[in-house]
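This briefing concerns the contact between two protein chains and selected side-chain pairs. Please examine the sequence and the structure shown here before reading the notes.

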2 protein chains.
Amino acid sequence: MRAQPGRSVTSKVLALLAVFTPASPALTLSELARRAGLPLSTVHRRVAELVEWGALERGDDGRYRIGLRLWEVGSLAPRGLALRELALPVMEDLYEVTHENVQLAVRQDLELVFIERIAGRYAVPVLTRVGGRFALHATGVGLVLLAHAPAEVQEQVLAAPLERYTDLTITDPRRLRGCLAEVRRVGYAVSDRQVTMDALSVAAPIRAPEGVLAAISLVVAHDRADPVALAPLVQAAGRVLSRALGASRRPPPARVPLPPDQRRQ
Amino acid sequence: MRAQPGRSVTSKVLALLAVFTPASPALTLSELARRAGLPLSTVHRRVAELVEWGALERGDDGRYRIGLRLWEVGSLAPRGLALRELALPVMEDLYEVTHENVQLAVRQDLELVFIERIAGRYAVPVLTRVGGRFALHATGVGLVLLAHAPAEVQEQVLAAPLERYTDLTITDPRRLRGCLAEVRRVGYAVSDRQVTMDALSVAAPIRAPEGVLAAISLVVAHDRADPVALAPLVQAAGRVLSRALGASRRPPPARVPLPPDQRRQ
């Protein structure tokens, strides 16, 4: 949560939006005020404006939820729906030939955000939620995104405590550094039971002209997984999308540009 | 565009977001100022805050785009991603058995918004963009949503000029009124070449306990379409989703609530 109340009006408005989370998508006015750290009277007025515009919607239960209009505006994010529209046919192909889970993610600050997911009905269950965040150091897509992140991002992640999800999660910074170097060298990442003990994921980078924009992965049941067989499939999908983004051509069309802090091979 | 500059700071911040559209997703600072009707210095300061929070992202080209963080917050809209997550497996089933275009839409004010779409590769081309808007009086999903909208919404749509997309678009308010009554009576809507001359769509309502929440449709090539055969398929999909939303049970779980103005059978 990056909401810091007590600054400009702009930041207070944004703070009112930032208090909504997947775990608490519906809030009363007083919950909104408390979470945003703002007086109830101020919140009352601002929320009325947000409702009028459609950024929030008020339900019969008196709770406020994120409004469809904010979803509409958010759909214009190049790294959100635009990337998803580009990637979906390739993800569907990957699903058709494997019937496994297919995931698409980008990095935002020190975490990853899942942009799209095709869940195989008979594949290993995954926790992924589209629009949801996860740590960078455990999943296949996370390892790819971290391996290609700017050095300062890598150092920040390596300096912070690395959460342990299973006994196989890499929580030693030195080992993780070696793992990232290997991901860059071989061109894909394998996360073997590093998130849950039943799943293995194989991920590959999607490159834009400015650097790695996203990562695509297959998540399969650990006991029937063959990373060596899966890697070329995932890498091929990554390359198709990289080519579509102009990564191998100059000058590139670059329809899904990276924000400046992510421009690095 | 509902941006009305010159009011409160909240509305000015929202105005800066509202100037981004599918047709102009990337804007310079001066374009932003001009479109929002705000002085450049004000815009400069506010945009800096929006970028810091992640609501906007600045590209190498100096243009601003909607940021991924706004997409993340928008993904919490119950009628956006939550509805889409619920509907996608049913839409995929509909696609599997028909290989035609499948669409999901909700009403926002006097228009519809496409929430999801599965585009058949060999099906008739459709213009739909996820997150995009369209008029209510021409498409199958639009006719369903309009037929079940509150009376005042219907009257507003019927009172305004009805855009003609093809020679078959219903632009006579009296005829449209009769069509809406028929949609309510039979439980589905057929739009036969009313948007483009090659396409026909069949749509059915998705009901929440408070009323019709969304509409689902198949869009097929006009010359191979059989609405009588398609209608039960689409209606069955609508009923599965209505049941999932608790429409036929009391008390209902109502996980995707309607905003108050839409609560009406």
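Buried area is the accessible area (1.4 Å probe) that two parts lose on being put together, summed over both. By that definition, chain B and chain A bury about 5500 Å² between them, and 56% of this lies on carbon and sulfur atoms. The model is predicted: local features need pLDDT of at least 70 and side-chain atom pairs pLDDT 80 or more, whereas totals for chains, interfaces and linings use all residues. Residues are numbered from 1 along each chain as its sequence is written, chains are lettered from A in the order in which they are written, and side-chain values use heavy atoms, without hydrogens and water.

**Interface composition**

- Contact (heavy atoms within 4.5 Å) involves 62 residues from chain B and 62 residues from chain A.
- Between chain B and chain A there are 8 salt bridges, each defined as a side-chain nitrogen of Lys or Arg within 4 Å of a carboxyl oxygen of Asp or Glu.
- One salt bridge joins Glu57(A) to Arg79(B), with the closest N and O atoms 3.0 Å apart.
- The elements of chain B that each supply at least two residues to the side touching chain A include α1 (9-18), α3 (40-53) and β4 (111-118), where helices (H or I, at least four residues) and strands (E, at least two) are DSSP runs numbered from the N terminus.
- The most residues on that side of chain B, 9, come from α5(B).

**Pairs within a chain**

- Over all chains, the count is 26 salt bridges.
- In one of them, Arg63(A) pairs with Glu31(A), the closest N and O atoms being 3.2 Å apart.
- Arg63(A) lies in the loop between β2 (56-58) and β3 (64-66) of chain A, and Glu31(A) in helix α2 (residues 29-36), 32 residues apart.
- Arg69(A) lies over the face of Trp53(A), 4.5 Å from the ring centre; the rule requires NZ of Lys or CZ of Arg within 6 Å of the ring centre and within 35 degrees of the ring normal.
- In chain B, the charged end of Arg69(B) sits over the ring of Trp53(B), 4.5 Å from its centre.
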